Amino acid sequence: MAVLSLSHIHKDFTVGLRPIFKPPRRLHALRDVTMELERGDIVAVVGESGCGKSTLARIAAGVSDPSSGTIRIQGMDLHAVSRAKARELRRSVQIVHQDPYAALNPTMTVYQALSAPLLIHRMVAKGQVRDRVMELLRMVGLNESHLAKYPNELSGGQRQRVVLARAFTVKPDVIVADEAVSAIDVSMRQTILSVMQRIHDEEGTAYLFITHDLGLARYFAQSGIIAVMYAGRVMEYGDTEAVIKGPRHPYTAILRQAVPDPDPELNQTQDLIPVRSTELPDLTQEETGCAFSARCPFAVDRCMSEVPALRPVAGADGRPVLVACHRAEELELPQEEPEVELA
Ligand SMILES: Nc1ncnc2c1ncn2[C@@H]1O[C@H](COP(=O)(O)OP(=O)(O)O)[C@@H](O)[C@H]1O
Ligand SMILES: [Mg+2]
């Protein structure tokens, strides 16, 4: 059973001043987003700034409500259960944001930040609070020496580890990480990612790992799923390696060619897909066709007049991936060279 399932999620925001006698202008931040996380699943959501990643993160974590669509946690529809039950279910999905400083109360020590949720949610008996705080700190690679520190006495990387430890006080099934390492010094990123990975391996925690960086998505969701978003829609969804090695959506292929390949020779020899524009579509307009068509070098008339459904297409390894492109089968997008097996 899925620990978190989002189905047909739409989110509109009212923008600008409301003209008298006219309906308010609506910005469509999410359009028909569906995804499911089972225990231990890692789903990376990737896409450019403004494509709806943070909106999705907030809805997944219950911080914001969708305009329409259904959220189920452990199989239970949040709208069909009591408020108390919904609150309890929501606790099992915790969010970690980009900025750990904003997430921590500057007047609380590390010990206070971690013990408060343990006490409030009665996660352990009073006598065991200190032991559990120490266990959580060790889980994220911190120790006794950090207990009495205030957020401003910690580095960005240490703060983010405290935020992670705090998310784990309530033993969540799912962590929504919204650009969780984007603001962290490159030197500390690897440590945070390793901590997250280890918690995944040891506790079976599922991750909705959100990033604008395709390379990072590939790294963190190596054996998981990748969801490529554009203008509030999922454009491609499938096993990470299949999607990255053999993208079926032109947008994924274009995102991929922007990620430098570790092998410089490959970069030079690959034919690049020409990019027509980098402008994002106006999300306050009703869709008339594929949102990516204005930027897509392969767009034909149909792409301008018909919104492509997300549908199964054979991926690079033969297994199906979901792709929202009318031309997914006929396009020959650049594929990663298969690795040569050494006998
Ligand atoms: N509270 C809001 N009111 C109006 N528009 C919003 C609001 N939050 C986000 N948006 C808009 O929704 C779109 C998606 O934003 P966001 O989810 O933050 O994207 P991302 O995290 O991928 O950069 C953007 O066009 C953004 O301007
Ligand atoms: Mg964002």
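The buried residues of helix H10 are covered by elements that include helix H8 (214–220), strand E9 (225–230), strand E10 (233–239) and helix H9 (240–245). The model described here is predicted.

**Helix H10**

H10 spans residues 250–258, and seven of its nine residues are buried, so the helix is largely enclosed by the rest of the structure. The buried residues are Pro-250, Tyr-251, Thr-252, Ala-253, Ile-254, Leu-255 and Arg-256. An α-helix has 3.6 residues a turn, so residues three or four places apart point the same way.

Pro-250 also takes part in a contact with Leu-331, a residue from another part of the chain. Leu-331 lies in the segment after strand E12 (320–323). Is Leu-331 buried or exposed? Leu-331 has a relative accessible area of 13%, and buried means under 20%, so Leu-331 counts as buried. Leaving aside neighbours within four places in sequence, Leu-331 is in contact with Pro-250, Phe-298 and Cys-325. The C-alpha atoms of Leu-331 and Arg-248 are 7.8 Å apart in space, although 83 residues separate the two in sequence.

Strand E8 covers residues 206–211, and six of its six residues are buried, so E8 is largely enclosed by the rest of the structure. In a regular strand the side chains alternate between the two faces of the sheet. In E8, both faces are covered: Ala-206, Leu-208 and Ile-210 are buried on one side, and Tyr-207, Phe-209 and Thr-211 are buried on the other.

Which way does strand E3 run relative to E8? E3 (residues 42–46) and E8 run parallel and are joined by five bridges. Within this pairing, Ile-42 stands opposite Tyr-207 in E8. Strand E7 (residues 174–178) also pairs with E8 in the parallel sense, over five bridges. Here Val-176 stands opposite Leu-208 in E8.

**An open sheet of four strands**

Four strands form an open sheet in the order E2-E1-E4-E5, with antiparallel pairing. E2 and strand E5 (76–77) stand at the edges with a single partner strand each, so one side of each is left without a neighbour in the sheet. The antiparallel pairing of E1 and E2 runs over ten bridges. One residue in this pairing is Leu-6, whose bridge partner in E2 is Met-35.

**The surroundings of ligand 1**

H1 gives the largest share, four residues. In total, 14 residues surround ligand 1, and the closest are Gly-50, Gly-52, Lys-53, Ser-54 and Thr-55. By type, the shell divides into six nonpolar, five polar and three charged residues.

| Residue | Part of the residue | Distance to an oxygen atom of ligand 1 |
|---|---|---|
| Gly-52 | polar backbone atom | 3.2 Å |
| Ser-54 | polar backbone atom | 2.9 Å |
| Thr-55 | N or O atom in the side chain | 2.6 Å |

How much of ligand 1 does the protein bury? Taken alone, ligand 1 exposes 560 Å², and the protein buries 65% of that.

Terms used
Residues numbered from 1 in each chain as written. Chains lettered and ligands numbered in written order. Predicted model: local features only at pLDDT ≥ 70, side-chain atom pairs only at ≥ 80, totals over all residues. Heavy atoms only, no water. Near = heavy atom within 4 Å. Polar contact = N/O pair within 3.5 Å; in protein donor to acceptor, adjacent residues only side chain to side chain. Areas by Shrake-Rupley, 256 points an atom, 1.4 Å probe, with all protein chains shown as cover. Helix = DSSP H or I, 4+ residues; strand = E, 2+ residues; numbered from the N terminus. Nonpolar A, V, L, I, M, F, W, Y, C, P; charged D, E, K, R; others polar. Buried < 20%, exposed > 50% of the residue type's maximum accessible area, 1.4 Å probe, protein only. Contact = heavy atoms within 4.5 Å. Pairing = 2+ DSSP bridges.
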